[in-house]
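I want the overall packing first, then the aromatic rings.

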Amino acid sequence: MSNQNLKKPYAMFFDWDGTLVDSFSFLEQAHNDVLGKFGMPLFEKGGFKQYFGKPREEIYPAIYADRAEEARGLFEDFVINNHKTLLEPMDGAYELLQTIHDLGIKIGVVSNKKSEFVNAEINHLGWRSFLVSVVGAREAEQDKPSPTPLILALKRAEIDGPIEDIWYVGDTIIDQKCAENAGSPFVYINHEGEVGNDILKTEPDVVADNCFALSDFMLQYSGN
């Protein structure tokens with residue numbers, strides 16, 4: 001599905017977790033490690049879904065209550081020690097980036113994950129050469145759903161074209177709101193195979209089932 005009025009994008013910026021990398025199971029594992037240390041009940045498989053993609057300022061108090069700051073430190077220790085070896089790319093993510101790069105479209109990443117983690121993961125996967133800029137959590141005045149991280153990413157990439165020619169790709173309502181707040185077309189990549197209950201408050205401009213589907217769409221898309 002796509003908005004037929006869209007022009008071919010000058011640039012495409014991507015969310016990271018859940019969009020290009022399969023971080024859900026890793027994050028659930030990391031939180032279970034912390035919960036285990038606290039003697040708290042662990043998430044059952046898939047139980048972390050209700051928090052996935054939300055800002056960390058909401059996640060930690062909701063899960064750990066008054067131990068949120070202590071939990072943050074333990075969680076980050078687990079991530080530092082394991083994120084490069086346990087985190088896997090989404091199927092077709094590399095091929096998608098290669099396709100977009102070959103089409104002459106600039107690519108960037110805008111994430112609510114801490115910048116040092118995102119950049120380390122990008123380097124580990126060998127994807128640095130695809131990207132014109134990367135913005136992580138707390139680098140802009142506000143994190144997503146504010147548009148300021150996307151605007152900062154555009155500034156770093158020295159992109160000053162019309163925002164309607166800059167597509168933002170993500171998998172959560174946080175990403176959708178970021179795109180809408182910036183005035184950018186939103187591409188919903190639906191790895192779950194079905195639209196989530198908290199997504200599509202308004203209809204996305206493009207919906208793709210997975211990275212391979214979006215890659216095929218970009219190859220076929222002629223723009224107007």
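Predicted model: local features only at pLDDT ≥ 70, side-chain atom pairs only at ≥ 80, totals over all residues.

I started with burial: of the 224 residues in the protein chain, 53% come out as buried.

Next I looked up the secondary structure and found 8 helices and 8 strands in the protein chain. I then checked the radius of gyration, which is 17 Å; the globule rule gives 17 Å for 224 residues, so the chain is as compact as a globular protein of that length. The C-alpha trace spans about 55 × 30 × 30 Å along its principal axes.

Contacts came after that. Taking those with a separation of 6 or more, I get 67% between residues 24 or more positions apart.

Surface and charge, quickly. The accessible surface is about 10800 Å², and carbon and sulfur atoms own 47% of that. I count 20 positive and 36 negative charges, with their mean positions 4 Å apart.

Now the rings. How many aromatic pairs are there? The count comes to 11. I picked out Tyr 94 and Phe 130, whose centres sit 5.6 Å apart with 65° between the planes. That angle is over 60, so the pair goes down as edge-to-face. The two partners are 36 residues apart and link distant parts of the chain: Tyr 94 belongs to helix α4 (residues 93-102), while Phe 130 is in the loop between α5 (115-125) and β5 (133-137).

How values were computed: Residues numbered from 1 in each chain as written. Heavy atoms only, no water. Helix = DSSP H or I, 4+ residues; strand = E, 2+ residues; numbered from the N terminus. Rg over C-alpha atoms; globule rule 2.2 N^0.38 Å. Buried < 20%, exposed > 50% of the residue type's maximum accessible area, 1.4 Å probe, protein only. Contact = heavy atoms within 4.5 Å. Areas by Shrake-Rupley, 256 points an atom, 1.4 Å probe, with all protein chains shown as cover. Lys, Arg positive; Asp, Glu negative; His and termini not counted. Charge placed at Lys NZ, Arg CZ, Asp CG, Glu CD. Phe/Tyr/Trp six-rings, centres within 6.5 Å; stacked < 30°, edge-to-face > 60°.
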